[in-house]
Amino acid sequence: MSIQHENSETKNVICPQKRLENLMHHAGNKFCADCGTTEPRWVSSSFGVFICIKCSGIHRSLGVHISKVLSLKLDEWTDEQVDALAKLGGNTLLNKKYEACLPSNIRKPKPHSSIEERSEFIRRKYEMQQFIGYDDGLSCPIVPSQGRSISLALAQSSTSYYNSFMDNKPSEKHQSKHRIGNTFRNSWGRKDSEHKSAKKSTSLAGMVEFVGLIKVNVVKGTHLAIRDVMTSDPYVILSLGHQSVKTRVIKSNLNPVWNESLMLSIPENIPPLKVLVYDKDTFSTDDFMGEAGIDIQPLVIAAKAYEKLNINESMQLGKFVASKDNTLVRDGIISLDEGKIKQEISLRLQNIERGELELELECVPLTQ
């Protein structure tokens, strides 16, 4: 019997968040599945494992087609999502599966392991699935080299999927001039001696330190471009460094309302947040519907400054001024509201005939 088994009558009277808390208190779920850190607050809904904030950043860098990461506290869960998580069995059962063939010479990361150690282990465990057992969850391949070749084939397949996804994106050669807040970036300055990334390789996704999280609420689109006969089926992709997440598709709507919150880890070298809109096509490549870029560094710096000030009242911390030199429809206000650092952004989509997008950004510290 699965340790995640729930009584159906109990499920009907307990809200999804309370059910999540119950699952969090199962023995194996009290520790990160990948490094053993206590009280993990994140979940890979793709694999069903409870993970810590540092490991969640590596999972995000794998891409949502491999590992989709959700917060136990910050995301709103449905009963269906909790059902799916419970059926996967929890950390103890899943580690028996994904670490069944872990070689004795490979050390599993510890809570204080480096980002490089975490990245290598997590990629081999989930993306390449080099340590996975057979269906019984216990036995391992007899010939190690054969098992490794199968794992590499899986990795190449995943990479090909990701590359084909990236190849379908429009050219970004015009994007630099549309990034919001370049002058703002210069006035705020960059992180100084704390930067360690210059010593690290940036060629591999995931081998970066994270300084926080950004929660993006994709509110709505207005007067979007027509890409079907008379309408479009739009969705939004958000990219930050090697991470990408996307909204659901809204059918036949040029003024879609998503109100959908997505989360991304903020790398130490903070890149622009890239926003792309596409029209979903069933039988052909999805059609491009516009793009924009947002410099999130001012928001991050404002959040760090607030942490030191301990101010509780609501106040305006700064703003981007809309002008012909940027893609803002109106001024973007950075504000402190109920202890949260937020920014409202209204974008004019670029490299397309028309369309606007409304977003709400929130900078979340790693402690949440």
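User: Helices (H or I, at least four residues) and strands (E, at least two) are DSSP runs, numbered from the N terminus. In which helix does Glu-117 lie?

Analyst: This is a predicted model, in which local features need pLDDT of at least 70 and side-chain atom pairs count only at pLDDT 80 or more, while totals for chains, interfaces and linings use all residues. Residues are numbered from 1 along each chain as its sequence is written, and side-chain values use heavy atoms, with hydrogens and water left out. The chain holds 9 helices and 14 strands. Glu-117 belongs to helix H6.

User: Is Glu-117 buried, partly exposed or exposed?

Analyst: Buried means under 20% relative accessible area, exposed over 50%, and partly exposed in between (1.4 Å probe, protein chains only). The buried residues of H6 include Arg-118 and Ser-119. Because its relative accessibility is 44%, Glu-117 counts as partly exposed.

User: How far apart are the end C-alpha atoms of H6?

Analyst: The expected span of a helix is 1.5 Å times one less than its number of residues. The 13 residues of H6 should therefore span 18 Å. In agreement with this, the end C-alpha atoms of H6 lie apart by 17 Å.

User: Is H3 roughly parallel, roughly perpendicular or oblique to H6?

Analyst: Axes are lines fitted to C-alpha atoms, for helices over the stretch in contact (heavy atoms within 4.5 Å), and angles run from 0 to 180 degrees between N-to-C directions. Angles under 35 degrees count as roughly parallel, over 145 as roughly antiparallel, 65 to 115 as roughly perpendicular and the rest as oblique. Helix H3 (residues 53-61) packs against helix H6 (residues 115-127) at about 55°, with the axes 10 Å apart. H3 is therefore, relative to H6, oblique.

User: How many charged residues does the contact of H3 with H6 have?

Analyst: Ala, Val, Leu, Ile, Met, Phe, Trp, Tyr, Cys and Pro count as nonpolar, Asp, Glu, Lys and Arg as charged, and the others, Gly among them, as polar. Residues of H3 including Lys-54 and Ile-58 meet residues of H6 including Arg-118 and Ile-122. In this contact of H3 with H6, 5 residues are nonpolar and 3 are polar, and the number of charged residues is 3.

User: Is the crossing of H2 and H4 left-handed or right-handed?

Analyst: A crossing is left-handed if the near helix is turned anticlockwise from the far one by less than a right angle, and right-handed if clockwise. Helix H2 (residues 16-24) and helix H4 (residues 79-88) pack at about 15°, their axes 9 Å apart. The crossing of H2 and H4 is left-handed.
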